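Grab a pencil and work through these exercises one at a time. Try each task yourself before you read its solution.

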Amino acid sequence: MLQTATRTAYTDDHEAFRDTVRKVLAEHMEPFLDDHEREGIVGREAWKALGEAGMLCPTVAEEHGGLGLDFGFNCVVAEELAYLGSSAGFTLQNDITVNYFERLGTPEQKAKYLPGMISGDIISAIAMTEPGAGSDLQGISTTAKADGDDLVINGSKTYITNGQNADVVIVVAKTDPAAGAKGTSLVLVDAGTEGFERGRNLDKIGQHAADTSELFFNDVRVLKTNILGGENRGFIHLMEELPQERLSIAVGAQAGAQRAFDEAVKFTKERKAFGKTVFEFQNTRFTLADLKAKLQVGWAHLDWAIARHLRGELTTGEASAAKLWHTEMQWDCVDTALQLHGGAGYMNEYVIARLWRDARVQRIYGGTSEIMKEVVSREV
């Protein structure tokens, strides 16, 4: 169990909510982790269960059917999911997509989507990455050309989380290709719209439970009123959400690193070699001590970042630094923890194998570590 006694970012209300989160995950997620991995998707029954428990989109205002809570409650969900070892796409909906709807949506858009996103009846995705455009979102080629009152969308997206499950996709497209980044808009496309097709559920190294997909748009026709936010302001809207998105990844990274450490401690104290436990060897103890020190620093820094974000003070550079440090630390932790498992660490029956696989992409999505360094350097 993730220990939180020394945390400073949370109140008693957050910790009471954590108790609920743990109970729901223990009932509706933990027994099915292997099924999710094997099937490559988390079923809608789990989404509904989390929705009923108030674990989906808890920050949405009460006037739109939400609980009106602060982002700390999202962090509690993200931490517990990551510590459990699930790669389900709940945090994408909680921490990223719902903000676009609540902050930018028209009254009609909010009424159409937010209640279902809160209950788990509507699953969302955001389609940014393309085969030829990853961290550089200015390089997207998908277009949404005006035709009377409609927009006609053409292009393709890849590596889209919740791609198979999604009922609605926020598509990043060029509405004014000649204007570059200043000609980008966010356009809503509902599942079932003619010309919108899902490709395969991608075969990934890790995060097998996450339905990550290719999406194709072939003369997809939607009303101009499907634009989310301002026309040709999509790139600005994306940049406005980056601090929270990158903080969200850092939150999951820290909790995932802690689980890997805890697994290594447990294993080395139980496994014997040369007449004593693996933990009793000085190399093991010193290795674990090094990881423990990094985790201690990480939790303190994470609480600092969460507190700054709750006050509306976390900058893009600070959030990027958090993503950079915590995901790199996570990789160090999971890789070292796997090594301490010896041959057992390479076996899928051990939790550390999944934690190791799932951690690798953390340094890539949401902006690669190399891009994070570029962003941070701009504030030097």
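**Exercise 1.** Decide whether F267 is buried or exposed.

Solution. Start with the cut-offs: buried means under 20% relative accessible area, exposed means over 50%, and partly exposed is in between (1.4 Å probe, protein chains only). Next, take the value for F267, which is 10%. That puts F267 in the buried class. One thing to keep in mind: this is a predicted model, where local features need pLDDT of at least 70, side-chain atom pairs count only at pLDDT 80 or more, and totals for chains, interfaces and linings use all residues. Residues are numbered from 1 along each chain as its sequence is written, and side-chain values use heavy atoms, with hydrogens and water left out.

**Exercise 2.** Work out what kind of aromatic pair F267 and Y350 form.

Solution. First, the general idea: a pair of aromatic rings is described by the distance of the centres and the angle of the planes. Rings of Phe, Tyr and Trp (its six-membered ring) pair if their centres lie within 6.5 Å; planes under 30 degrees apart are stacked, over 60 edge-to-face, and the rest tilted. The whole structure has 6 such pairs. For F267 and Y350, the centres are 5.9 Å apart and the planes make 85°, giving an edge-to-face pair. Now find them in the chain: F267 sits in helix 7 (residues 234-270), while Y350 is in the loop between helix 9 (316-340) and helix 10 (351-359), 83 residues apart. Helices here are DSSP runs (H or I, at least four residues) and strands are too (E, at least two), numbered from the N terminus. As for Y350, its relative accessible area of 29% makes it partly exposed.

**Exercise 3.** Describe the protein chain as a whole: how many helices and strands does it have?

Solution. Count 11 helices and 10 strands. Then look at the radius of gyration (taken over C-alpha atoms): it is 21 Å, and the globule rule is 2.2 Å times the number of residues to the power 0.38. For 380 residues that rule gives 21 Å, so the chain is as compact as a globular protein of that length. Finally, buried residues make up 57% of the 380.
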